[in-house]
Amino acid sequence: MSGFTLPTGDSYNECINWIEEAIGKKHIKYYEYNQFNNIEEIGSGSFGTVYRAKWKNSHSYIALKSFFNLNNVTIKEIVNELKLQREVDFHENIIHFFGITTQNQNDNFKKYWLVMEYANNGTLHEYLKRHFDTLNWSDKFSLALQLAHAVLCLHDEGIVHRDLHSKNILVRQNTIKLADFGLSKRIDESYRTRSDLLGVVPYIDPKKFNIQPYSLDKKSDIYSIGVLLWEISSGQLPFDEISSYGLIVRIPQGLREIPVPDTPTAYVNLYTECWDGEPDNRPTISQVVAKLKQCHNLWKYSSI
Ligand SMILES: Nc1ncnc2c1ncn2[C@@H]1O[C@H](COP(=O)(O)OP(=O)(O)OP(=O)(O)O)[C@@H](O)[C@H]1O
């Protein structure tokens, strides 16, 4: 997908032209819709529905992401996702984008679908729910490190995810696949309604609740990683039994999850640093990667 001009403006037509031109010049691979088969819905989010499908006679699945309706906002989401995706598509812990397919609808409108890598184990949340009992500490370190590597790749490219939580991190076999970073910018633009916040409050940098307006940044991603490292160590959703409203008040006052017994101390220390209320006290993502490697080594030697 390299080497093509990005749209300078944000209008609907410009975005459509950008996609069509990229397809025409073969910077984005185009797939014929009627070559997909066994199409089954797997989930939906606020912008559209995701299906899994097979391509021609292939045995493996791909994911097809549709959008509810193609208006100014959704088309910008697609272009934004494509622009960011192409910067980081090489990384094995980031979901791969394969191309685009389109379907002509009755009203003469074209429906655009993103063709993406399929994560057969679903979200990290579902994966932990199903497999937690069989995971040992080496597996947990591996998940944590893969997540940190994916975010390192984003931060290195100047991309802030802003919406890291266990329901938009996907897992293929046992490999973390980060998704949805193209769509996360809207949170900072206050697109989220109160009901959208359900379940994601524990992962959001508490500065966001204290300071209005507060622009989520790389250190906000580190906060979310702290919570996710705890989740990997516990197999539980953070603060599952406290209402979002209660959390919005209590997390900025210092409420944090309790370490799970038998968690390696260095790992507890690391996620505690990550979820520090003060962004300046949080490590950078490179430091998180380095410290996770150290923790893993310490744990390996201490358990011989
Ligand atoms: N590439 C994929 N492979 C497997 N499952 C996927 C894939 N992409 C999405 N899903 C599933 O489909 C669901 C919907 O994904 P989608 O990206 O549309 O929304 P979301 O991230 O859950 O929500 P929102 O867009 O509102 O933040 C996900 O929760 C996940 O279970």
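This is a predicted model: local features need pLDDT of at least 70, side-chain atom pairs count only at pLDDT 80 or more; totals for chains, interfaces and linings use all residues.
The UniProt record, an unreviewed entry, places the feature "binding site" at Lys 65. Is Lys 65 buried or exposed? Lys 65 has 21 C-beta neighbours inside 10 Å, and because a residue with 20 or more is called buried, Lys 65 counts as buried.

Now show the ligand together with the 22 residues around it, among which Gly 43, Gly 45, Ser 46, Val 50 and Ala 63 come nearest. If you colour this shell by class, you will see eleven nonpolar, eight polar and three charged residues. Strands β2 (36–44) and β6 (110–117) each supply at least two residues of the shell, and the largest share, three residues, comes from β2. Colour domain 1 (4–117) and domain 2 (124–303) separately, and you can see why the shell around the ligand lies between them: both domains give residues to it.

Finally, turn to the largest nonpolar core, which has 67 residues, and select Leu 147, Ile 225, Leu 229 and Cys 274, the ones with the most contacts inside it. This core also takes residues from both domain 1 (4–117) and domain 2 (124–303), so it lies between them. To end the tour, centre on Ile 225, which, leaving aside its neighbours within four places in sequence, is in contact with Leu 147, Ala 148, Val 151, Leu 164, Cys 274 and Val 288.

Key:
Residues are numbered from 1 along each chain as its sequence is written. A residue is near a molecule or strand if its C-beta atom, placed from the backbone, lies within 6 Å of it. Helices (H or I, at least four residues) and strands (E, at least two) are DSSP runs, numbered from the N terminus. Ala, Val, Leu, Ile, Met, Phe, Trp, Tyr, Cys and Pro count as nonpolar, Asp, Glu, Lys and Arg as charged, and the others, Gly among them, as polar. Domain bounds come from an automatic or database domain assignment. UniProt positions are given in the numbering used here, feature names are shortened, and annotations may be inferred rather than shown by experiment. A residue is buried if 20 or more other C-beta atoms lie within 10 Å of its own, exposed if 12 or fewer, and partly exposed in between; C-beta atoms are placed from the backbone. A nonpolar core is a set of buried Ala, Val, Leu, Ile, Met, Phe, Trp, Tyr and Cys residues joined through C-beta atoms within 7 Å. Two residues are in contact if their C-beta atoms, placed from the backbone, lie within 7 Å.
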